[in-house]
Amino acid sequence: MQLTLEFGGGLELLCDSVKIHKVSVEPQNGAEMLTMKDLLTWVRTNLIKERPEMFMKGDTVRPGVLVLVNDCDWELSGQLNTTLEDKDVVVFISTLHGG
Amino acid sequence: MESKYGDASEIRREIEALKATRNDIDTRISALEAQLQEISLQNGNDAVSNGSFCPPISGLESGFGHDLTPEMIYRYSRHLLLPSFGVQGQSNLLKSSVLVVGAGGLGSPALLYLAACGVGRLGIVDNDVVELNNMHRQIIHTEEYIGRPKVKSAAAACRSINSTIKIVEHKEALRASNALEIMSQYDLVVDATDNAPSRYMISDCCVVLGKPLVSGAAVGLEGQLTVYNYNGGPCYRCLFPTPPPSTACQRCSDSGVLGVVPGVIGCLQALEAIKIASAVGEPLSGRMLLFDALSARIRIVKIRGRSLQCEVCSENASFSKEQFQEFDYEKFTQTPLSSSPLKLNLLQADSRISSKEYKERIVNGEAHVLVDVRPKHHFRIVCLPRSLNIPLPSLEARVHEISSALEKEGKTNSGSGAQLYVLCRRGNDSQRAVQYLHKIGFTSAKDIVGGLEGWARDVDPSLPMY
Ligand SMILES: [Zn+2]
């Protein structure tokens, strides 16, 4: 299925400074649905070019990264268990502290 | 043309003398203004205008059904003309108090608008002085204030926009030890700081005191904005229970920032503060605004509500004032509260060399290679002669360039092999680079202590700094 993945707040530096990625990802291991857990693994393997520890910690995103599925905090949709649909937009954004 | 002044230096001397006199006068004026304000506030909120007293025809007794004086009505008339804001909104605003923490890139426009719009009491906390490299974004300050406290500069600017409100100067760094005392004097808080420990500390303090918090941040070409702890909404810790690794926190002094970006966010912070203080509209609580200046896009996303697991604001949490005061925010975030840059000490003394010593070795004609590990766009701003730019992240891949440079240098200068020195901006990345170089066999590599900044300070003050 087609997904739009966006990186911001400095996370784009981990993927060749490209902020928006139009990608095609299929459900993993013969499953019917693609979950955020699968997508994170896919992103780490296919998009993150350097310092993966700046993106993930354990099997989830590192502290300080907000994940938004269709402009909505993934805490509200089940975090790693959120299931994705065709044309979903997933945003990974690092919280900023500067001013 | 013949001038009555002999030369430029005489003119400069007189300018300096006049400036010093002006500073004294400014200080005296602000002290007197504060005194006058104190008196007029005690005498029942009579507004003090430029030279003329508004007659006390105001007040509920005036028969207008509100307590705005004629001068207030005229000054804020465009607010009063807004059907959704009107007399009630302005009246609420005039009775409110707002604390802005940080008079920098975010605080500058936030403070200007909050002063202009008529927040009754406006507090400013900051412990820094105005620097030349602040001026491109911290638009509340003017050149004449360079070297003087930001709080003084910001307060003077606010007073010159609106002399009828109370401006309170807190010339100190906000810490867990003084935050309760300062923040408890205000209805709501604007976080315009620039570091992670301050953000946790301010949010926790707002939870403990039950104050809404307007939080903004900006780095590079991006900004973020939300309202925490408002009407049962989430606090900063609900969103970020665990602090990010300190290496993930970009700072404007390292990553750069386009001046107008914090300006946009600071204006929006003023707007949210005005909405809350006047009880008009729908504050940005439970939502977050993400601003991407480069692609001209603003995204407003829905964020989680108050977390049941939050260690500070959830119903089960028992985070007391005492716990707050004892909480070590610097340790929690592994980041200092002050904006002073990190000073690493990773290497043995014999693997380091001072910039003065390095200068001597150049003078003595020692065969050597100088590797500058700063990013390419830093190198383009300023660099030392004959230095080889290999940014730290690409060091591993480009080690062969160092080997061949050493070989070439060793041959041309008939010595017994060339020395290897590593330089960066402040002397942290150069140590990381030397650590790596030692590991892969360049055992005599040395870092230049203090980096380019040290060189500019101790050897060549004419080197431009950024
Ligand atoms: Zn919370």
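F55(A) is buried, because its relative accessibility is 0%; buried means under 20% relative accessible area, exposed over 50%, and partly exposed in between, with a 1.4 Å probe and protein chains only. This is a predicted model, in which local features need pLDDT of at least 70 and side-chain atom pairs count only at pLDDT 80 or more, while totals for chains, interfaces and linings use all residues. Residues are numbered from 1 along each chain as its sequence is written, chains are lettered from A and ligands numbered from 1 in the order in which they are written, and side-chain values use heavy atoms, without hydrogens and water.

Over all chains, the structure holds 13 aromatic pairs. Rings of Phe, Tyr and Trp (its six-membered ring) pair if their centres lie within 6.5 Å; planes under 30 degrees apart count as stacked, over 60 as edge-to-face and the rest as tilted. F7(A) and F55(A) form a tilted pair, because their ring centres are 6.1 Å apart and their planes stand at 55 degrees. The pair links distant parts of the chain, 48 residues apart: F7(A) is in strand β1 of chain A, and F55(A) is in the loop between α1 (36-46) and β4 (56-57) of chain A. Helices (H or I, at least four residues) and strands (E, at least two) are DSSP runs, numbered from the N terminus. F7(A) counts as buried at 3% relative accessibility.

Y228(B) and Y236(B) form an edge-to-face pair, 5.5 Å centre to centre with 85 degrees between the planes. Both tyrosines are buried. Y228(B) and Y236(B) belong to one aromatic cluster, whose members also include Y200(B), F240(B) and F319(B). The charged end of R237(B) sits over the ring of F319(B), 6.0 Å from its centre. Such a charge is NZ of Lys or CZ of Arg, within 6 Å of the ring centre and within 35 degrees of the ring normal.

The UniProt annotation "active site", from an unreviewed entry, covers C252(B) and C424(B). UniProt positions follow the numbering used here, feature names are shortened, and annotations may be inferred rather than shown by experiment. C252(B) is placed in helix α10 (residues 252-255) of chain B. C252(B) counts as buried at 13% relative accessibility. Leaving aside neighbours within four places in sequence, its contacts (heavy atoms within 4.5 Å) include G98(A), G99(A) and R137(B). C424(B) lies in the loop between β12 (419-423) and α17 (429-439) of chain B. C424(B) is buried too, at 4% relative accessibility.
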